[in-house]
Amino acid sequence: MRQVDITSVRAGLGAYPGYRLDATGREDFEGGRLELLEQIFDPGSRQRRDLVQPGWRCLEVGAGRGSMAAWLAEQVGPGGTVVATDIDLTYLDRLHAPNLEVRRHNILDDALDELDPGSFDLVCSRLTLFWLAGRQAEVIGRMVECLRPGGWLIDEDGDWGTAGPVDPSHPLYAGYQRAYQSGGWFASRGYDPFFGRKLSELFEHNGLVKIDQQATAEVVRGGSPWARWWRDTLDAIREWGPTDDGATESAEEDHEALTAACMEPSLWFMTELLHTCRGQRPG
Ligand SMILES: C[S@@+](CC[C@H](N)C(=O)[O-])C[C@H]1O[C@@H](n2cnc3c(N)ncnc32)[C@H](O)[C@@H]1O
């Protein structure tokens, strides 16, 4: 099996890759991918945000299509407020609730003052920090600055080493594993496949207390909503090969092996581990 070390890959790639699922020019496809994401993850995310109280002020960073921001707006009620931010408002602009405010904001580079730092009871993000490779500690620090003393930060992010078929005797197993390398596929594109498991450490480093982190995974069939979402994600970043030069022949073969497995109903997959980390700003 090929082994990929993210440190040496980074040295080869130069700048960190940043977010690569920009919807520009492919709005319908990305809208469908985000809708699947919400269908798969919203039920668990609602449970994991069960601390939210009526009257709270909440911030959702990288809100995407906005289902969790809309849900938070219902939970905080008319006496509370929710601010939903993203670099791209294609989908958020459709949301309308009197206590929900949508703002274009880049959590990496835009001024934090635009978000009213120190004012939020709850700051959340889901499946966004993974893509901000190399800047995650800094971004968590910025989200912590948005909290009022005593406020809570919740992030949900993936640990992608586990995502793959479970039966080594299945004809599509070997091709998938050869391409995916237990997450080395992500590492060779500049992303840390094991990012999710590092959240507690990053929260602690940023001064949070009462840290609690848990992870869940499921085993699902090829063709299931999760497998289609994973296939769509692979499709969306297919032109980005393991170097900045774009797709290579072997990257195309890898893509075929990964996506064929995703759509094969006789194949069972273990999903990524979805980590949820909560921490409180002292005060
Ligand atoms: C994978 S989507 C997840 C969307 C949403 N959090 C959810 O779980 O339904 C990641 C989102 O983060 C946004 N994003 C990427 N980089 C960002 C940045 N630097 N600042 C704010 N949002 C960003 C993207 O535009 C996208 O909507």
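**Note on the pocket, a helix and the strands**

1. The largest pocket is lined by 41 residues, and Tyr 19, Gly 62, Gly 64, Asp 86 and Thr 128 lie nearest its centre. A pocket here is an open set of points on a 1 Å grid over the protein atoms alone, with protein on both sides within 12 Å along at least five of seven lines; lining residues have an atom within 4 Å of a point. This is a predicted model: local features need pLDDT of at least 70, side-chain atom pairs count only at pLDDT 80 or more, and totals for chains, interfaces and linings use all residues. Residues are numbered from 1 along each chain as its sequence is written, and side-chain values use heavy atoms, with hydrogens and water left out.

2. What is the volume of the largest pocket? It is about 710 Å³, taken as the space filled by probe spheres set on the points. The lining divides into 20 nonpolar, 10 polar and 11 charged residues. Gly counts as polar; Asp, Glu, Lys and Arg count as charged.

3. H2, E1, H3, E2 and helix H8 (225-236) each give two or more residues to this lining. H2 gives the largest share, five residues. Helices (H or I, at least four residues) and strands (E, at least two) are DSSP runs, numbered from the N terminus.

4. Now look at helix H3 (residues 67-76). Seven of its 10 residues are buried, so H3 is largely enclosed by the rest of the structure. Buried means under 20% relative accessible area, with a 1.4 Å probe and protein chains only. Among the buried residues are Met 68, Trp 71 and Leu 72. Their cover includes helix H2 (27-48) and strand E1 (57-61). Gly 77 follows H3 and has a positive phi, near 70°.

5. Strand E5 (residues 147-159) is mostly covered, with 11 of its 13 residues buried. Six bridges join E4 to E5, and the two run parallel. Ser 125 has Asp 155 in E5 as its bridge partner. Eight bridges join E5 to strand E10 (residues 273-280), this time antiparallel. There, Asp 159 has Leu 273 as its bridge partner.

6. Last, a sheet to trace. Three strands form an open sheet in the order E6-E9-E8, with antiparallel pairing. Strand E6 (164-165) and strand E8 (219-221) stand at the edges with a single partner strand each, so one side of each is left without a neighbour in the sheet. Two strands pair if DSSP finds at least two bridges between them. E6 and strand E9 (residues 268-270) are joined by two bridges. Gly 164 has Met 270 in E9 as its bridge partner.

Key
Buried means under 20% relative accessible area, exposed over 50%, partly exposed in between (1.4 Å probe, protein chains only). Contact means heavy atoms within 4.5 Å. On a 1 Å grid over the protein atoms alone, a cavity is a set of points where a 1.4 Å probe fits but cannot get out, and a pocket is an open set with protein on both sides within 12 Å along at least five of seven lines; lining residues have an atom within 4 Å of a point.
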